[in-house]
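Look at the sequence and the structure before reading on.

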Amino acid sequence: GAVRSVDLVFTGETPPDLVQRGAWTADMPGGEFEEGLPHPIYLTLGTGGYPADETGIQALTTLVGDYDGKFSYDNAQVQYATENGALCSVTMSSRGQPERLLHIQGETGSLLIDLVTQSTVPVTRNYTGSPVNKARKNIDGSFGLVKGLFENAKLVAENSYSDDWDSAKRLRPHYYQIDAMVEAVRRGTEPPIPLEEAWWTMTVMQAIRDASTEQPVETMPVD
């Protein structure tokens, strides 16, 4: 059915003062942490849809760490409603153990996607009401995780015996995206990542910056 809500939890991100991509990140309000935020943001936009309008984007930030640099946040949360009424939220934190959990709620079922283990657990039945149903939920969830583990292990095994491009792009997301982009250029079709999604990603990033500083930042460096 239609998507009704999307909730993404992205924790254990790079802290603001840990330079990995260049010293220029220290000039941003969120430092190195901010540089990595577009990834969970565009994942939320791509699965849940775009905000109904710019004014409907709500952003919260907090600063809980003690850093030498002048950073204004190391945690961020964004929520918005789409034109179709779906509620979307993403929580991003530089603290805690790395978690990448995406919950997509539809009209008749839902998906719980663990991006760390690359496994998907579908929920297509009502598990409430009895201890038996609750136990069945655990069984079905375990089956989804084991299935994802098996499929990933199979991909790794196949790639170890073959280093051709088709095998590589099935295992490495960047290879897959590069391949899709090249094919779009060759065929003159739309790119795999729509320009509108890129624009909304920057718009959400600006909302986070505005929430973290007293005065809105007019310009942002582009990676």
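## Helix H6

In this predicted model, helix H6 covers residues 195-212, which is 18 residues. From its first C-alpha to its last it reaches 26 Å, close to the 26 Å expected at 1.5 Å a residue.

The buried residues of H6 are Glu197, Trp200, Thr201, Thr203, Val204, Met205, Gln206, Ala207, Ile208, Arg209 and Ser212. An α-helix has 3.6 residues a turn, so residues three or four places apart point the same way.

Seven strands make up an open sheet with mixed pairing, in the order S2-S3-S4-S1-S5-S6-S7. S2 and S7 (119-123) are the edge strands; each has a single partner strand, so one side of each has no neighbour in the sheet. From one strand to the next, the twist averages 10 degrees.

Strands of a sheet pair through backbone hydrogen bonds, either parallel or antiparallel. Strand S6 (residues 110-114) and S7 run antiparallel and are joined by five bridges. Asp114 has Ser119, in S7, as its bridge partner.

## Helices on the sheet

Helix H2 packs on the sheet and touches S1 (3-11), S3, S4 and S5 (99-106). The direction of H2 makes about 165 degrees with that of S1.

Helix H6 also packs on the sheet, where it touches S2, S3 and S4. The direction of H6 makes about 50 degrees with that of S2.

Key: Residues numbered from 1 in each chain as written. Predicted model: local features only at pLDDT ≥ 70, side-chain atom pairs only at ≥ 80, totals over all residues. Heavy atoms only, no water. Helix = DSSP H or I, 4+ residues; strand = E, 2+ residues; numbered from the N terminus. Expected span 1.5 Å × (residues − 1). Buried < 20%, exposed > 50% of the residue type's maximum accessible area, 1.4 Å probe, protein only. Pairing = 2+ DSSP bridges. Axes fitted to C-alpha atoms, helices over the stretch in contact; angles between N-to-C directions. Contact = heavy atoms within 4.5 Å.
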